[in-house]
Amino acid sequence: MDDRSADSDPVTAGESSILDTLGEDVIRIVSPVSLCMVLVVLLVSSLSSTNDLSSSISSLFLSSTTTPTSFSSLNLLLLGSDSTWEEIKSALVTALSFVVVVTLLTFLLVLLFYFRCTNFLRIYMGISSLFVLSFLGGFISLLLISHLKIPIDPFTFAILLFNLSVVGVFAVFMPKFPISMNQGYLVAIGVLTAYWFTMLPEWTTWALLIAMSLYDLAAVLLPIGPLRLLVELAMSRNEEIPALVYEARPVDPQPGDRVRVWRERTDVRIEATENSTNSANVQTVQETRLAVSEEITAPLIEAFPQTGDRHLGTEEEEDGIGLGSSGAIKLGLGDFIFYSVLVGRAAMYDYMTVYACYLAIMAGLGVTLLLLAVYRKALPALPVSIMLGVVFYLLTRVLLEVFVVQCSSNLLMF
């Protein structure tokens with residue numbers, strides 16, 4: 001009887017602890033996501049009037065320079081202009097091509113990880129991060145310097161850009177760097193990438209957002225989905241996937257904080273040795289799956305039971321897939337990017353649309369975390385937030401804008 005009660009207590013504690021710490025986890029996820037979106041909105045608002053690169057990129061995708069400026073004239077364009085249909089077809093082809101390329105690259109990632117080419121993957125991710133920080137970051141920095149008229153010579157700018165880029169790559173992939181620096185550079189990479197995606201044509205942006213949401217849904221939930229295969233392979237080997245993932249753990253963890261470890265969805269036996277004379281005591285801790293990531297998902301179990309040996313389970317905690325000893329939730333950087341792309345596209349219209357899209361994305365992210373905590377099943381983070389964001393964008397531009405304008409013109413609102 002004592003053994004059964006001891007086995008069932010961790011399960012009950014695990015079920016309650018997930019919901020008890022859900023608010024804290026949401027705050028740790030919402031803060032960096034909000035910061036990333038705010039920075040993208042500021043960049044779009046500041047550089048949209050001075051940057052002509054968006055039109056240059058649009059010309060690569062479209063044969064005509066005419067683009068719909070608002071959804072209020074959508075019916076007229078659809079009925080009376082053939083160029084709109086060409087833009088929609090071009091957007092669909094571009095989005096489909098992008099999803100196909102991402103799918104093939106993800107399956108290639110699974111293949112390389114299967115053959116244990118981890119070092120090659122780390123080098124590739126490092127080069128990609130260096131490219132984003134140096135080339136994309138350098139170009140956007142030049143735009144900001146030109147727009148804000150900051151006095152700086154080319155030599156100093158090159159030295160600063162080189163140092164920041166190299167340090168950023170090491171901060172992202174070296175575990176010995178402070179977690180605050182790692183989080184900051186991940187947000188910076190997300191901001192730079194998201195800003196470049198906002199330079200795509202309007203129809204291409206919306207088609208790409210919807211297509212990536214559907215891809216995320218299929219890649220995580222389908223049995224043959226590439227992300228699911230990658231995660232299951234990593235968990236079977238108890239290895240970490242080299243990827244750009246934001247870890248939502250406290251920058252300065254306080255002593256006594258509860259520790260959670262991610263593991264495969266099976267019963268885990270923990271052998272606890274209380275002292276040199278007592279026999280081993282084996283307890284089974286029920287696990288539950290919890291994941292918020294486009295790239296990395298893993299299950300969650302309750303903290304190890306407190307015993308006389310403090311070092312018990314240390315090796316298991318350090319080997320948690322995609323996590324350190326803090327056991328915090330991880331959110332893929334792709335989620336940061338596409339959330340910010342949606343808000344950045346809304347910022348090209350007005351701030352009322354930005355507020356609506358932001359609230360919709362946050363609501364979708366909260367719903368996703370709640371579903372993960374309740375159903376304990378790996379779910380993608382993009383579909384709910386992106387779909388809500390697109391719906392709120394349409395409703396704001398079609399209905400809310402008209403309502404606010406009418407109220408203001410009739411002196412009902414100031």
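This text walks through the fold of one chain, from its overall make-up to single residues.

The model is predicted, so local features need pLDDT of at least 70, side-chain atom pairs count only at pLDDT 80 or more, and totals for chains, interfaces and linings use all residues. Residues are numbered from 1 along each chain as its sequence is written, and side-chain values use heavy atoms, with hydrogens and water left out.

Start with the whole chain. It holds 14 helices and 7 strands. Both are DSSP runs numbered from the N terminus: helices are H or I with at least four residues, strands are E with at least two. Of the 414 residues, 46% are buried. Buried means under 20% relative accessible area, exposed means over 50%, and partly exposed lies in between (1.4 Å probe, protein chains only). Now take contacts, meaning heavy atoms within 4.5 Å. Among those with a separation of 6 or more, 78% join residues 24 or more positions apart.

Next, look inside. A nonpolar core is a set of buried Ala, Val, Leu, Ile, Met, Phe, Trp, Tyr and Cys residues joined through side-chain atoms within 4.5 Å. The largest one here has 68 residues. V33, Y195, Y339, L342 and I386 have the most contacts inside it. I386 touches L209, S213, F338, Y339 and L342, leaving out residues up to four places away in sequence. A second, separate core has 9 residues, including L230, V231, A234 and M235.

Two packed helices are described by the angle between their axes and the distance between the axes. Axes are lines fitted to C-alpha atoms, for helices over the stretch in contact, and angles run from 0 to 180 degrees between N-to-C directions. Helix α12 (residues 333–347) packs against α13 at about 160°, with the axes 8 Å apart. The pair is therefore roughly antiparallel, a label for angles over 145 degrees. On the α12 side, the contact uses Y339, L342, V343, A346 and A347. On the α13 side, it uses T353, V354, C357, I361 and L365.

How far apart are the end C-alpha atoms of α13? They are 36 Å apart, which agrees with the 36 Å that its 25 residues (351–375) should span at 1.5 Å a residue. The expected span is 1.5 Å times one less than the number of residues. After α13 comes R376, whose phi is positive, near 55°.

Helix α9 (residues 202–221) has 20 residues. It reaches 29 Å from first C-alpha to last, close to the 28 Å expected. α9 is mostly covered, with 15 of its 20 residues buried.

Now turn to the backbone in two loops. Most residues other than glycine have a negative phi. K149 has a positive phi of about 60° and is not a glycine. It lies in the loop between α6 (118–148) and α7 (154–173). K149 counts as exposed because its relative accessibility is 73%. N238 also has a positive phi, about 60°, and is not a glycine. Its loop runs between α10 (226–237) and β1 (245–248). N238 counts as partly exposed, at 34% relative accessibility.

Finish with L400, in helix α14 (residues 382–409). Why is L400 partly exposed? Its relative accessible area is 35%. Leaving aside neighbours within four places in sequence, L400 is in contact with M352 and L395. Its C-alpha atom is 9.9 Å from that of A356, 44 residues apart along the chain.

Terms used: Parallel < 35°, antiparallel > 145°, perpendicular 65-115°, else oblique.
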